[in-house]
Amino acid sequence: MIWRRRVEPFARPFFRLQARLTRGLTLGVRGLVLDGEGRILLLEHTYIHGWYMPGGGVERGETMVQALHRELIEEAGIEMTGPPTLVSVHDNGQMFSGDHVLIYRLEEWRSVPPTQEGEILKLGWFAPDALPEGTTRSTRARIREALEGEAADTKW
């Protein structure tokens, strides 16, 4: 209906406000970074237990790939030199209502100095079949899904 096209520009601010209030959503990204030997980059934060793939939250005004690019440099000193591949999307609502995490696979990168200080306790490269003790259940599952072709669980 044409009248909806005429009304939409005036209704848009109200719709966006209503959506913000009722559709609370947060978005995070994690990078499955592989080296030339097929090892996976994992890190341990100073503020939470366990080994994780590097990543973090998507900030307002960022695309998911921009957030991944920023987080990889900040946390691990990894700069993307090729496009990442979206592997899967997961609902992380059990940890934080409305939270979602996207997993990207990255094989083209170079080392740069990390820009974040004090956030990362340890960083290491691990064979997929020799992940360190303390690697979280969800991290292990995402690695299996990405590397072994398991169907991705929609829940984190």
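1. A salt bridge here is a side-chain nitrogen of Lys or Arg within 4 Å of a carboxyl oxygen of Asp or Glu. The structure is a predicted model, in which local features need pLDDT of at least 70 and side-chain atom pairs count only at pLDDT 80 or more, while totals for chains, interfaces and linings use all residues. Residues are numbered from 1 along each chain as its sequence is written, and side-chain values use heavy atoms, with hydrogens and water left out.

2. Across the whole structure, 11 salt bridges are found. One of them joins K122 and E44, at 3.7 Å from N to O. K122 lies in strand β9 and E44 in strand β2, so this pair ties together parts 78 residues apart in sequence. Strands (E, at least two residues) and helices (H or I, at least four) are DSSP runs numbered from the N terminus.

3. E44 is buried at 13% relative accessibility, whereas K122 is partly exposed at 44%. Buried means under 20% relative accessible area, exposed over 50%, and partly exposed in between (1.4 Å probe, protein chains only).

4. Helix α2 covers residues 64-76. Within α2, E74 and R70 lie four residues apart, about one turn of the helix, and they form a salt bridge with closest N and O atoms 3.5 Å apart. E74 is buried, with a relative accessible area of 18%. A network of salt bridges links E62, R70, E71 and E74.

5. R144 and E150 also meet in a salt bridge, at 3.3 Å from N to O. R144 is partly exposed at 34%, and E150 is partly exposed at 37%.

Definitions and conventions. The expected span of a helix is 1.5 Å times one less than its number of residues.
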